[in-house]
Amino acid sequence: MSELPAKPVKKPKRVLPERFVPYKGVWVFIEHEHGHVHPVSWELLGKGRELADKLGVELAGVLIGAPGPKIAALAKETFAYGADLCYLMQDAVLHDYRNQAYTAAITTLVNTYQPEILLLGATTQGRDLAGSVATTLLTGLTADCTGLEIDLADRSMLSSRPTFGGSLMCTIVNLATRPQMATVRPRVMPLPVKDPKRSGQTFRLVEHALDLAEESIVTKVIDFIPDSRADKPQLAFADYIVAGGRGMGKPENFDLLFSLAKTLGAEVGASRPAVHAGWADAERQVGQSGKTVRPKFYLAAGVSGAIQHRVGMEGADVIAAINVDANAAIFDFSNYALIGNALELLPALQTAFAARLAQTRARATRSTSQEDESN
Amino acid sequence: MNAAVDFALPTVNVEEKLFQNRYRVDAGRPHITLRNADSCLACDAKPCTVCCPAGCWRADEGGKIDLVVDGCLECGTCRLVCDHDNVDWNYPRGGFGILFKFG
Amino acid sequence: MEKFDVIVVGAGPSGNAAAYTLAKAGVKVLQLERGESPGTKNVQGAILYAHALEEIIPDFRDSAPLERHVAEQRMWIMDEGNVCTGMTHRDARFSSQPYNRYTIIRARFDRWFSGMVKKVGALVICETTVTELLRDAQGRVLGVRTEREQGDILADCVILADGANALLGSRAGLRHEIKAEDMALVAKEVLFLPKETIDARFNISGDEGVVIELAGNVTHGMVGTGFLYTNKDSISIGIGCMLGDMKRQTITPYQLLEGLKQHTAVRPLIEGAEMKEYSAHLIPEGGLKAVPQLYGDGWLVVGDSAGFVNGIHREGSNLAMTSGRLAAESLVALKASGKPFDALNLAEYKRRLDDSVIIADLKKYADVPDFLHNKPHILDLYPRLLGNAAHEMFMVDGQSKRAKQRKIYAELKSRRSLLGLLGDAYHFWRAFR
Amino acid sequence: MHIAVCVKQVPDSAQIRVHPVTNTIMRQGVPAIVNPFDLFALEEALRIKDRTGARVTVISMGPPQAEDALRKCISLGADEAILVTDKAFSGADTLATSYVLAAALRTLHEKLPLDLVFTGKQTIDGDTAQVGPGIAIRLGYQLLTYVSRIAKIDVQNRRIVVERRAEGGVQVLESRLPAVITMLEGSNTIRFADMPGMFTAARHETQHWNREAIGITDLTQVGLKGSPTVVAQVFAPKPKAVKALRIEGETPAAMAEAFVEKLFTDYPQLEEALLEHLDQLAAQEQQS
């Protein structure tokens, strides 16, 4: 039997222990680094709002970091994305992400204010933190979820996620412990519309102190090297990728890809035949025997679309392909088809993108300056 | 009496078939290599491009042979059908190459 | 450096049979397999002939992974796209215990057999490729070199069970290189279907199985055959041709296989099946003439590596197991009488082969390879003539039967002169008597 | 110095593939292998052994046939292999698994004090990446996840410096032993065992530890009973049905312009995110 029908969810009977009955509310961990919130946190506030409304409870943002004006502004921003309140923990030890400090902060808040659901983004930080928090709280945690639902019969959360490397999906339920924890992949839940005013809603800020001395925190952060300065291409973590295949004709033509990549801040990938022909190094190979990538945007130039390539990049949000052959296999799983010669289209795309981005940026600066004049 | 209808030969994308197989590719260490690429240019029949069951042997328009052994089934055919004895043929390192699930 | 009484190179049927028999008799055996586990590098139709295995592991049926027992044999003569004339042999005696033939899946079967080999005490090491034989100045084989560091291993005797390509023997100069003319290339797929569907389509039930052997111009004039075997919940389908023919034409192995799968007699049997593996393998079909030197100072060769295949009856793995057993028994006998494993004493292995069915069958069909080689039209012309003749006889269209008979003879003579016909019959008789 | 490496035998999930077009699941004939990510962790441990003579013990929780995975680790150079196997442990989720592995590691620590515990980044069947953090918390060791390079180990002063993957870049951390490290794949190339290693592995007698051997009496914390999360349903993902929109344009420039226009009208957030991304890159450039 190789076809697995979606059977109804069968849940073993287990009753929620007494001590967890008072756990109420949906929390979302707001991940931020260098004053910049990871968009997955806003996406989770959108989903959290939906779950909280269904459960009839409050939605809270959980914001921890070093004291300063930035963190207060971020707290207000959680309101704009739908939070009823925000738990804020400010402490110098929380300046950079460190597992021991952040785990202590989160577990203190959870044991004090007892949420029933705690959501984190499935980023390297979110997965590192969720694992240690769940073990400290001895509660259930489901990783990399792509879907969250509520079963109102017993208020339990059904989290569905890929397993066996994405080959199968499964629905996981946490019956016996609280909070029900889950990490969710970026760009799976829709980004909610930001509404700074949310007329008729009040916003509460709940501050809580963390008593943890720097001396007792063992791990110190010495440095941070941003990807742009990394020596090796970071294809697996790139959000924008332009990839070349045999259709590029010659190794020199890969320069066209590198210059377009510069305009888009993208990484350059390659299909197996291109790597095999020595036109790009093995680090850039996308596909079954290369890297699996999940970028926001993937442009494939001169790539035929063999299945071994497809399985490595099919997870991209938006796929555009350039190929002279109108019925190349790649067009079966691309959003946009540009039928033509990549060597002419790539430079044209570079100018078109540069022009459009400059125009949008100009319009944006004009409108913000008008806004400054008006208030 | 009409002769049996001559059956049109199907066009087959062998990559689709190889996708079902299990491989552990020994990246950077191809187990089959050409002894010297020029003698392929002189060969016009190129039986390797026909007989290889995994389609590893491809000739581009210029007649130059492009050999990719990631999908090789290790049958040994290319070595035998090459009239110029131009194929340096070995088994992959232990545990690498094709790994038949059924065989 | 590690030293063993015997090193067996390869964990296919012949290697496993040899290692099992040796280890059971208390010989210190090392078996080396290049695959991740035994079976991952082996491909076969695959039919298991019980008789050969019974002589090695009498109670193999208690634990061996067997798919179905063969209850029905079908022989098909096929025209390319739309004609198939055949014979079905169903025999209740095939379905009485102990069954004589089974369909198997080699990856599972070889892993089972290797488990038995380990159980009787042989040391089995996988993921290790033997690259060459170690020999002294006089050419005596002293052991093997593997591709791993510090990879030299010594032994009093090395059994070459390294399969159809027989690289070790030819590179050591112990035998001639195999030739395209002596080898057949088979392309094969394993197609999965629910067991009930297979049972319904082949009119069988329980663990009964059907095997179909087929030939004709589905191989487009090349000398070759095809097969369709029923496993528990899958069908093994394959087609193969002599490389000597294949290298002189332009049809690829996967086109041949796809063409067979789309043949009107085959398509309904595999409709809706899922292809889970595509494989290919060489089969030694050179017959007795292609059998190499079988023994020498410190070495023996068994199985496909020795070319022990009887293509006419689709027998290979049983000959492999028997040759593995005979090689092992020879070594055990010599060791018991304290004799060294030199060429003089290892002739014992050849004597046992000569008394066995292996050489007898190979002698019987020694001329068949040349016969088919010299008369390629056999598998192209006669299938078409047979198809058209059957069509003519079964088509009721108002013509008198005598007129139809004349038409069949007319086509026969137009395609093949009477003398040619008699020549074919005579040579056929001489090759197959 | 004593290093433990946690490995797991998993089905070769790359083989349990859903055909992107037919969307059928292919499970038959799927063999068990060592979780590939764990081999990168073992390689890192063996490189430390090569440099410092550290002792490397591999440990795995699983059914008896998981022994093959441990044998593979012995062939690569691990000194000892321990299989933690007991009927009571089956069906465990990550919380119950880290409970059992932590108990086994404590037992191992009593025999020879542990300095480092390595795990792979995650398994290719569960993909959760939660067992590493779980072990660290239960043992009270420092947790260093997604490590791409170990810069320095100073055993005497119990100090370790690593580079770990963070969002948008790499963090350089200094921490103290004992620590749990989860290794990123591709951080090193896995060695090819030598022949003596293959012989040692083939002859190796793997130790089997059951619950008594690792001092577990509270069965409510192990196996299915000890697992707060349970799989309620398994199903095949929907294939991603996509129809490519063909962009028209006589000249390359016209086609390019039409494409960029269409792309950003269909996906306005993509343009916003791209502009933000470019601003970040520009800011990082100024810093360096």
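This note reviews the domains, sheet, helix packing and chain contact of a predicted model.

1. Basis. The model is predicted, so that local features need pLDDT of at least 70 and side-chain atom pairs count only at pLDDT 80 or more, while totals for chains, interfaces and linings use all residues. Residues are numbered from 1 along each chain as its sequence is written, and chains are lettered from A and ligands numbered from 1 in the order in which they are written.

2. Domains of chain A. Chain A comprises domain 1 (18–216) and domain 2 (228–359), with bounds from an automatic or database domain assignment. The centres of these two domains, taken over C-alpha atoms, lie 35 Å apart.

3. Sheet of chain A. Seven strands form an open sheet in the order 7-11-6-1-4-5-12, with parallel pairing. Strands (E, at least two residues) and helices (H or I, at least four) are DSSP runs numbered from the N terminus, and two strands pair if DSSP finds at least two bridges between them. Strand 7 (141–145) and strand 12 (204–207) of chain A are at the edges with a single partner strand each, so one side of each has no neighbour in the sheet. From one strand to the next, the twist averages 25°. Four bridges link strand 1 (residues 26–29) and strand 4 (residues 59–65) of chain A in the parallel sense; A:Trp27 has A:Ala60 in strand 4 as its bridge partner.

4. Helix packing in chain D. Helix 3 (residues 94–111) and helix 4 (residues 131–139) of chain D pack at about 50°, their axes being 8 Å apart. Axes are lines fitted to C-alpha atoms, for helices over the stretch in contact, and angles run from 0 to 180 degrees between N-to-C directions. Helix 3 of chain D is therefore oblique to helix 4 of chain D, the class left after angles under 35 degrees (roughly parallel), over 145 (roughly antiparallel) and 65 to 115 (roughly perpendicular).

5. Contact of chains A and D. Chain D contributes 79 residues and chain A 89 residues, where contact requires C-beta atoms, placed from the backbone, within 7 Å. On the side of chain D that touches chain A, helix 7 (residues 268–287) of chain D gives the most, with 11 residues. Strand 13 (residues 220–226) of chain A and strand 11 (residues 169–176) of chain D run antiparallel and are joined by six bridges. Within strand 11 of chain D, D:Val172 stands opposite A:Asp223.

How values were computed:
Two residues are in contact if their C-beta atoms, placed from the backbone, lie within 7 Å.
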